[in-house]
Amino acid sequence: MSVLSDLFTALGIGTLQAVMLAVFLAFLIPFFYLLYRANRKGSRPHLRAIPAYDSLKKLMSRAAETGQAVHVSVGTGGVSGPRTADTLAGLNTLEFLADRAANSDIPPLVTVTEPTAFPAALDQLRRAYERQGYPEEFRFDQARFIAPPVNGSAVPYAAGVMDILDTEPITANVLLGSFGDEYLLMTEPAAQKNAFQVGGTSNPNVLPFTYLTMSAPLLGEEIYGAGAYLLERVEHYASLMAQDVFRVALVIVIVGVVIARSLGLF
Amino acid sequence: MEQPRINIGVLLRRQLIPVGIALGVGLIVLIGQFISNSTLDSIVGVLVSWGAIVGAFALLLGLANLGMFHAGRILKRDAQMPFSILIVASALVVFLLVLPSGGAGAASQWVMRYLYQPLEASFLALLVFFIGSAVYRALRIRTWEMALFAISAIVVLVGSVPFMAVVSPLIPAAKEWVVNVPALAGVRGILLGVALGIIATGLRLLTGIDRPYSH
């Protein structure tokens, strides 16, 4: 043990960093094993039903029937910060919706606040039109940059989205990504217009707003399932299953430590 | 059956080079999180500052999009044209005001303090009414989850009123219990799942399995 401690000290790895590294490396084992197994079998694992993803699959048909667009927001975070994972979940959802929209005359109305998320959102739209064989249909204004965050606040963006939801014909409102208190400002106008709302965030402070206003909410980690549920990619299935394996292991460890401490073992 | 030909140039440009750059940069920054080393820290610092520069260019792209959208609405004499004129005019005025002294200058501070902050506060004040209408709508959906949600909200709201401690010490104690036991337990469970989701997403990006930046 002391040898390991000396090695970590020599490498400049502190206790907390060592724990982080151990968790990260431990996650690699189930991830790669499940990825290998999923690739070999090539079959789709059974996923529990999440109503929000089922709704998202039907959303573009709804847009085609009503002739109204679907508003999509990938959140207020960017692709170069601590909230990147949430933004990527939003971009996965956008990829799925854009693919279906490319075959119809109703493109999604994408709004963005974080500058780094803007080219990523545009790229998802462009690639969707390319994949479906209509690259000429892509337009630079299909994603709208509303306003950059001011001192970390996305209220100016929320004000712009409120205006869009109020003045433009929208059949559904999809908000999936990283959000703060401004979330309710963007969902309540749509709820008052009876627009169908799907979305979620990982921020626990915003989850009550999500639960209250969304027709089909995604709570916490459920947003990271977008790639597996919507895009049905093998690697996303593998990572979802690895998360489950790791979660069960963590629960066992937590319960074990609680029992051990209660018995006075350490 | 003829096999499709692989264009090495396209493969390099669209897949190998972007994946290689993302993998290399991601791994260096990740290792920098685990190991404290001055050389590594300075390399990570440089890479992060490059990220900031790329972010600035992305902002220019966003501003071009914003300008084009509102210019289009003005040229088309859209019904929303007056608002577009207002947006473009106010953006120009603020730009000209802030330009001589910079972002930290007196003009910028004045705009922030006397224009932006009151507007932001007014918008956030709308949340009170929005919460009210959202809760009212939720209560009409008669499910046990919504009932539990409403009861918890009422307990926390009433328990936060200072004079409730005079009425009965049980009321603030009930609020403390709701916040510190079931709510905290739920939040910790959610955060645990979120952390695992972030690790999985990071891993997919770092290994080049997920490539949101290339074909």
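User: Which residue is the bridge partner of V72(A) in β4(A)?

Analyst: This is a predicted model, in which local features need pLDDT of at least 70, side-chain atom pairs count only at pLDDT 80 or more, and totals for chains, interfaces and linings use all residues. Residues are numbered from 1 along each chain as its sequence is written, while chains are lettered from A and ligands numbered from 1 in the order in which they are written. Helices (H or I, at least four residues) and strands (E, at least two) are DSSP runs, numbered from the N terminus. Two strands pair if DSSP finds at least two bridges between them. Here V174(A) is the partner of V72(A), and β1(A) runs parallel to β4(A), residues 170-178, over 6 bridges.

User: Which residue of β2(A) stands opposite V72(A)?

Analyst: That residue is V110(A); β1(A) and β2(A), residues 109-112, are parallel and joined by 3 bridges.

User: How many residues of chain A are in contact with chain B?

Analyst: Contact requires C-beta atoms, placed from the backbone, within 7 Å. By this criterion, 50 residues of chain A meet 48 residues of chain B. Helix α10(A) gives the largest share of the chain A side, 7 residues.

Note on methods: Contact = placed C-beta atoms within 7 Å.
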